[in-house]
Amino acid sequence: MIKSYKIRRHISNALIYIILIVMGVIWVSPFVYLLMHSFRGEGLISVDWLIPKQWTLQNYIDLFTGKGGQAAINFPRWFLNTFVVACFSCVISTISVLAVSYTFSRLRFKARKKFMNVGMILGMFPGFMTMIAIYYLLKAMGLTQNLIALVICYSCGAGLGFQISKGFFDTIPRALDEAATIDGATKNQIFWKIILPMSKPIVVYTVLTSFIGPWTDFILAKIIMGDSRENYTVAIGLRLMLENDFINTYYKQFLAGSVVVAVPITLLFLKMQKYYVEGVTAGGVKG
């Protein structure tokens with residue numbers, strides 16, 4: 001009986017591992033193709049072989065120097081635009097989310113529950129529902145086709161994502177606040193000098209999520225920027241490389257650009273993965 005149970009368990013484990021391996025190969029294969037062919041030396045768009053026959057760094061050189069095609073493609077400028085927007089949005093969003101989360105976690109005021117409920121209800125609606133309205137509001141203020149508009153859009157509503165950060169702050173004993181208050185510390189001092197230094201995991205989690213959104217967004221950036229190519233972000237620029245007028249010339253540069261865009265996010269996750277996981281798990285303890 002015990003022997004048959006062990007055999008069934010080994011068979012079921014083997015099947016699970018096989019399924020996971022197949023799924024892993026399917027998931028990783030597009031990224032492997034992207035990385036390999038970003039170094040491809042052949043000029044054909046569609047190939048009959050999976051591994052390039054010629055390898056070169058020229059695709060990356062052309063991507064940043066603007067050689068090998070028309071001047072309408074300016075990847076270094078797009079990369080800089082995206083980096084600036086992502087950094088400013090990340091800083092503003094992180095401060096906003098942490099401040100709102102700390103307020104709902106520690107302070108008690110009359111409309112606290114109502115504000116939390118309204119925030120959660122608004123967070124249930126997808127962002128693209130308001131994009132047209134946002135565009136016309138920005139147009140009325142003269143902020144379309146402007147990088148400032150992207151920073152405003154990405155950071156102004158960030159405070160609605162307070163749930164996980166609030167859950168993390170709820171796990172920190174309130175006795176610390178009470179002791180600091182007895183010593184004469186203000187709420188502002190308690191937040192910046194006591195609570196925040198103890199909240200590295202949730203700060204890292206908030207920074208990563210606030211940075212990734214602007215870095216990878218396409219739809220909102222495309223709506224706001226229109227045809228202003230100088231202010232494009234990398235997502236819009238890479239999409240431009242695949243249009244009929246450019247794809248024959250820039251397909252390999254598109255592959256190289258996709259790899260370059262993925263590098264910062266990958267490095268951030270590898271460096272801060274430990275704190276990211278701690279922030280998510282700790283933030284889910286209390287609501």
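Are Asp-170 and Lys-166 buried or exposed? Both residues are buried, and they are joined to each other by a salt bridge. The structure discussed here is a predicted model. A search of the whole structure finds three salt bridges and zero disulfides.

**Salt bridges**

- In the bridge between Asp-170 and Lys-166, the closest N and O atoms are 2.8 Å apart.
- Asp-170 and Lys-166 both belong to helix H7 (residues 163-170), where they are four residues apart, about one turn of the helix.
- An α-helix has 3.6 residues a turn, so residues three or four places apart point the same way.
- Arg-106 forms a salt bridge with Asp-177, with 3.0 Å between the closest N and O atoms.
- Because Arg-106 lies in helix H3 and Asp-177 in helix H8 (residues 175-182), this pair ties together parts that are 71 residues apart in sequence.
- Arg-106 counts as buried at 3% relative accessibility, and Asp-177 counts as buried at 5%.
- The side chains of Glu-230 and Arg-77 also meet in a salt bridge, at 2.9 Å from N to O.
- This pair links distant parts of the chain, 153 residues apart: Glu-230 is in the loop between helix H11 (219-225) and H12, and Arg-77 is in helix H3 (residues 75-106).
- Glu-230 is partly exposed at 45% relative accessibility, and Arg-77 is partly exposed at 32%.

**Cysteines**

- The closest cysteine sulfur to that of Cys-90 belongs to Cys-87 and is 7.1 Å away, so the two are too far apart for a bond.
- Cys-156 is likewise in no disulfide, as the nearest cysteine sulfur, that of Cys-153, is 7.4 Å away.
- Cys-90 is buried, at 9% relative accessibility, whereas Cys-156 is exposed, at 60%.

**A covered helix**

- Helix H12 (residues 234-241) is mostly covered, with seven of its eight residues buried.
- The buried residues of H12 are Val-234, Ala-235, Ile-236, Gly-237, Leu-238, Leu-240 and Met-241.

**Surface patches**

- Ile-16, Tyr-17, Ile-19, Leu-20, Ile-21, Met-23 and Val-25 make a nonpolar surface patch of about 750 Å².
- One of these residues, Ile-21, is placed in helix H1 (residues 2-37) and counts as exposed at 55% relative accessibility.
- A patch of positive charge on the surface gathers Arg-108, Lys-113, Arg-174 and Lys-187.
- Within this patch, Lys-187 is in helix H9 (residues 187-195) and is partly exposed at 43% relative accessibility.

Key
Residues numbered from 1 in each chain as written. Predicted model: local features only at pLDDT ≥ 70, side-chain atom pairs only at ≥ 80, totals over all residues. Heavy atoms only, no water. Patch = residues over 30% accessible without salt bridge, like charges linked within 9 Å, V, L, I, M, F, W, Y side chains within 5 Å. Areas by Shrake-Rupley, 256 points an atom, 1.4 Å probe, with all protein chains shown as cover. Salt bridge = Lys/Arg side-chain N within 4 Å of Asp/Glu carboxyl O. Helix = DSSP H or I, 4+ residues; strand = E, 2+ residues; numbered from the N terminus. Buried < 20%, exposed > 50% of the residue type's maximum accessible area, 1.4 Å probe, protein only. Disulfide = S-S within 2.5 Å. Lys, Arg positive; Asp, Glu negative; His and termini not counted. Charge placed at Lys NZ, Arg CZ, Asp CG, Glu CD.
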